[in-house]
Amino acid sequence: MQSESSETDICLSLRNPEERRALAEEAVALHYDDEPALAQRYGPAGRAKCVQDAAYHLAYLDEAVASGAPALFLAYLDWVRSLLQGLGVPEADLRGQLAVLRRLTFPRLEHEVAHAADAILDAALRAFEAPPRVPESVIDPAAPLGELAERDLAALIAGDRKRAAELVLAAVEAGTPVADVYLEVIQRSQREIGRLWQLSRISVGQEHFCTAASQAIIARLYPHIFAAERAGRRLVAACVGGELHELGARMVADFFEMAGWDTYYLGANVPAESVLEAIEAQRADVVGISATMVAHVDAVRRLVQGIRDDARGKSARILVGGYPFNLAGSLWQAVGADGSAPDARAAVAAAEHLL
Ligand code: B12
């Protein structure tokens with residue numbers, strides 16, 4: 001029944017991207033009214049970017065509220081702060097924008113959501129009392145294979161993919177386990193590349209080059225991963241729809257392969273229907289779903305539900321993983337999965353535990 005209260009008419013849902021967009025536009029208009037210097041500083045193109053940023057803030061806020069995981073928003077805030085610092089954007093502008101969003105959203109959201117969002121934005125605004133955290137290097141020369149990781153990264157950044165490949169292949173030829181090379185060298189180099197991009201120390205083009213080179217190196221390690229004795233278990237692995245980060249899911253599939261599983265890896269941005277078809281055709285014991293962007297957690301939630309609701313998915317156990325699941329330890333439960341794991345090695349252990 002339609003409520004007579006006018007309050008419900010202005011009740012917006014953070015879950016709805018159009019409503020988030022409308023809120024973002026309204027927030028930027030308010031912010032610019034409060035601080036006329038912004039219009040001069042950013043110009044019309046900058047204003048459009050402010051709206052885009054505000055819409056991103058709301059998307060992360062939405063997921064943090066929906067999953068009961070404030071860490072998803074607070075980690076995002078750390079990230080935005082260091083990113084904007086690298087780009088020379090005054091921190092006060094971000095802070096002001098969040099304060100306006102807080103003011104605007106609280107009276108417009110459904111009671112429980114409003115309170116949860118308000119508490120998160122309050123913590124976010126308090127975080128500005130400390131300077132932005134510069135993320136630490138992921139490469140530790142003192143760690144196992146740390147020196148190799150350091151040299152691999154240096155070769156990649158210098159644009160020398162031949163050298164990077166030679167370093168890694170020589171280590172494997174000399175007996176370094178492929179699994180260790182994956183986690184201690186390639187995974188670390190990739191994450192460090194992300195950090196350097198975040199701090200504006202390398203360009204988008206360099207990041208793309210390094211990732212393409214890492215993928216080529218992984219491909220050259222393949223003769224070493226298909227050798228194990230078969231375990232009679234089957235994995236289907238895929239990145240959720242919209243997700244373009246696929247190296248993590250690929251590594252997960254490769255670790256299962258090294259553990260003797262038969263794996264069927266579908267790559268980035270996979271439609272839900274294709275995941276279901278693969279589960280059925282492969283008679284998967286386990287399906288592994290990967291997401292890196294927090295904005296894709298809801299798609300994971302819907303995919304998990306879709307697998308549960310479909311006869312083809314009924315007998316598969318579901319593992320989820322990737323950056324947001326590493327940030328918020330209980331997020332896998334919030335999306336209805338059977339388990340999660342922080343990395344590819346732990347993923348195999350988690351699947352074996354489930355079965
Ligand atoms: C390469 C890269 C890209 C490439 C990906 C190409 C490809 N073929 O994969 C491209 C250019 C497409 C890209 C795009 C973007 N990226 Co990007 N990208 C990266 C980067 C540098 C490396 C990713 C990687 O290879 N990691 C290495 C793998 C091995 O690690 P992993 O993914 O964590 O996987 C392990 C675990 O998480 C776990 N796991 C993963 N999946 C699963 C699944 C299961 C079932 C289980 C159990 C476990 C598990 O096991 C894996 C192996 O051990 C990261 C930096 C980083 N920290 O990862 C940024 C990063 C993830 N990207 C980032 C951003 C912002 C973006 C963009 C929004 C940029 C933009 N403005 O367009 C887009 C979004 C694209 C999208 N829609 O998905 C940010 C995210 C920040 C945040 N707070 O959310 C990061 C962290 C960079 C940074 N430091 O700022 N990116």
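Q: Which helix gives the largest share of the shell around the ligand?
A: In this predicted model, the largest share comes from helix 9, which contributes nine residues; helices here are DSSP runs of H or I with at least four residues, strands are runs of E with at least two, and both are numbered from the N terminus.

Q: Before going on, what should I know about numbering, and which pLDDT do local features need?
A: Residues are numbered from 1 along each chain as its sequence is written. Because the model is predicted, local features need pLDDT of at least 70 and side-chain atom pairs count only at pLDDT 80 or more, while totals for chains, interfaces and linings use all residues.

Q: Ok, how many residues surround the ligand, and which are the closest?
A: The ligand is surrounded by 41 residues, the closest being Gly-194, Gly-248, Gly-288, Ser-290 and Gly-321, where a residue is near a molecule if its C-beta atom, placed from the backbone, lies within 6 Å of it.

Q: Which other elements supply at least two residues of that shell?
A: Among them are helix 4 (70–87), helix 10 (204–225), helix 11 (247–258), strand 3 (286–290) and strand 4 (317–321).

Q: And what is the shell like by class?
A: It has 19 nonpolar, 16 polar and six charged residues; Ala, Val, Leu, Ile, Met, Phe, Trp, Tyr, Cys and Pro count as nonpolar, Asp, Glu, Lys and Arg as charged, and the others, Gly among them, as polar.

Q: Where does the shell lie relative to the domains?
A: Domain 2 (146–225) and domain 3 (234–354) both give residues to the shell around the ligand, so it lies between them; the bounds come from an automatic or database domain assignment, which also gives domain 1 (6–127).

Q: How far apart are the C-alpha centres of domain 2 and domain 3, and how many residues does the contact take from each?
A: The C-alpha centres of domain 2 and domain 3 lie 24 Å apart, and the contact takes nine residues from domain 2 and nine residues from domain 3, with two residues in contact if their C-beta atoms, placed from the backbone, lie within 7 Å. On the side of domain 2 that touches domain 3, helix 9 gives the largest share, six residues, and that side has five nonpolar, four polar and no charged residues.

Q: Switching topic, what is the mean pLDDT of the chain?
A: The mean pLDDT, the predictor's confidence in each residue from 0 to 100, is 94, and 97% of the residues reach 70 or more. Residues 1–8, however, have pLDDT below 50, and beyond near neighbours in sequence this stretch has one contact in the model.

Q: What does the secondary structure of the chain come to?
A: The chain has 16 helices and five strands. Its radius of gyration, taken over C-alpha atoms, is 22 Å, close to the 20 Å that the globule rule (2.2 Å times the number of residues to the power 0.38) gives for 355 residues, so the chain is as compact as a globular protein of that length.

Q: Which loop holds Ser-200, and what is its phi?
A: Ser-200 is in the loop between helix 9 and helix 10, and its phi is positive, about 60 degrees, although it is not a glycine. Most residues other than glycine have a negative phi.

Q: Why does Ser-200 count as partly exposed?
A: Ser-200 counts as partly exposed because it has 14 C-beta neighbours inside 10 Å; a residue is buried with 20 or more other C-beta atoms within 10 Å of its own, exposed with 12 or fewer, and partly exposed in between, C-beta atoms being placed from the backbone.
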